Amino acid sequence: QTKGITPNYNYKVDEKNTALIRYNMEEYQTDSGNQVTVTNMGPSLGWVYEYDENLTARGSIGAEESVQEFSTTTRKEKQLNYVYSGRLTYQHRHSITDVELSRAQRPAGNGVSYLLTDISLRESYLINEQLFLRGEAR
């Protein structure tokens, strides 16, 4: 089971630049077996630069505290993690290309989360307003 909320504030600096402040809160729990609860919380700062109507760059960096609690013991494991994300998006008439590099907490099926660094390339092709094709490589 996963639940979370990420309130954020965006400030438009000028026509091309936007500053971001966000606070991420997530909780993961196992549905069966040994009960494990993982809570991740922390702030991040980011920036969006719109070069033109086709090209946008986004970046953010922050820190999150990860707390793992096990129901079979009173043990709690705490860890401070640095997280980041950078994405470059190119949008053309019928296609969108995203290149992204990120480091973030990702949930696993056993109720814990792992700090993963991910590089991805996504291509989306818009067939019409309700249908598109997407390919992704990680």
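Colleague: Let me start with one residue. Buried or exposed: how does Ser44 count?

Modeller: Ser44 counts as buried, because its relative accessibility is 13%. The cut-offs are simple: buried means under 20% relative accessible area, exposed over 50%, and partly exposed in between, with a 1.4 Å probe and protein chains only. Please keep in mind that this is a predicted model, where local features need pLDDT of at least 70, side-chain atom pairs count only at pLDDT 80 or more, and totals for chains, interfaces and linings use all residues. Residues are numbered from 1 along each chain as its sequence is written, and side-chain values use heavy atoms, leaving out hydrogens and water.

Colleague: Where is Ser44 found, and which residues is Ser44 in contact with?

Modeller: A contact means heavy atoms within 4.5 Å. Ser44 is found in strand 4 (strands are DSSP runs of E, at least two residues, and helices are runs of H or I, at least four, numbered from the N terminus). Leaving aside neighbours within four places in sequence, Ser44 is in contact with Leu20, Ile21, Arg22, Ile61 and Gly62.

Colleague: Now the strands. How many bridges join strand 5 and strand 6?

Modeller: Two strands pair if DSSP finds at least two bridges between them. Here strand 5 (residues 55–70) and strand 6 (residues 76–91) are antiparallel partners over 15 bridges; for instance, Val67 has Lys78 in strand 6 as its bridge partner. These two strands form a hairpin, with five residues between them.

Colleague: And which way do strand 6 and strand 7 run?

Modeller: Strand 6 and strand 7 (residues 95–107) run antiparallel, joined by eight bridges. Tyr90 has Thr97 in strand 7 as its bridge partner, and a hairpin of three residues connects strand 6 to strand 7. Strand 7 is also joined to strand 8 (residues 113–128) by 13 bridges, again in the antiparallel sense.

Colleague: What stands opposite Arg103 in strand 8?

Modeller: Thr117 does. Arg103 itself is found in strand 7 and counts as partly exposed, because its relative accessibility is 25%. Its contacts, leaving aside neighbours within four places in sequence, are Tyr82, Val83, Tyr84, Leu115, Leu116 and Thr117. The side chain of Arg103 also reaches the backbone oxygen of Tyr82 at 2.6 Å. By contrast, Ile127 is 24 residues from Arg103 along the chain, and their C-alpha atoms are separated by 32 Å.

Colleague: Which residues make up the largest nonpolar core?

Modeller: In soluble globular proteins, nonpolar side chains tend to be buried together. In this model the largest such core has five residues: Tyr28, Val36, Val38, Phe70 and Val112. A core here is a set of buried Ala, Val, Leu, Ile, Met, Phe, Trp, Tyr and Cys residues joined through side-chain atoms within 4.5 Å. Phe70 touches Gln35, Val36, Arg75 and Glu77, not counting residues up to four places away in sequence.

Colleague: Where is Thr30 found?

Modeller: Thr30 is found in the loop between strand 3 (17–29) and strand 4 (36–50). Thr30 counts as buried, because its relative accessibility is 8%. A polar atom of the Thr30 side chain lies 3.1 Å from the backbone nitrogen of Val36.

Colleague: How many aromatic pairs does the count come to?

Modeller: Rings of Phe, Tyr and Trp (its six-membered ring) pair if their centres lie within 6.5 Å; planes under 30 degrees apart count as stacked, over 60 as edge-to-face and the rest as tilted. The count here comes to one aromatic pair. Tyr49 and Tyr51 have ring centres 6.4 Å apart and planes at 55°, so the pair is tilted. Tyr49 is partly exposed at 32% relative accessible area, and Tyr51 is partly exposed at 49% relative accessibility.

Methods:
Polar contact = N/O pair within 3.5 Å; in protein donor to acceptor, adjacent residues only side chain to side chain.
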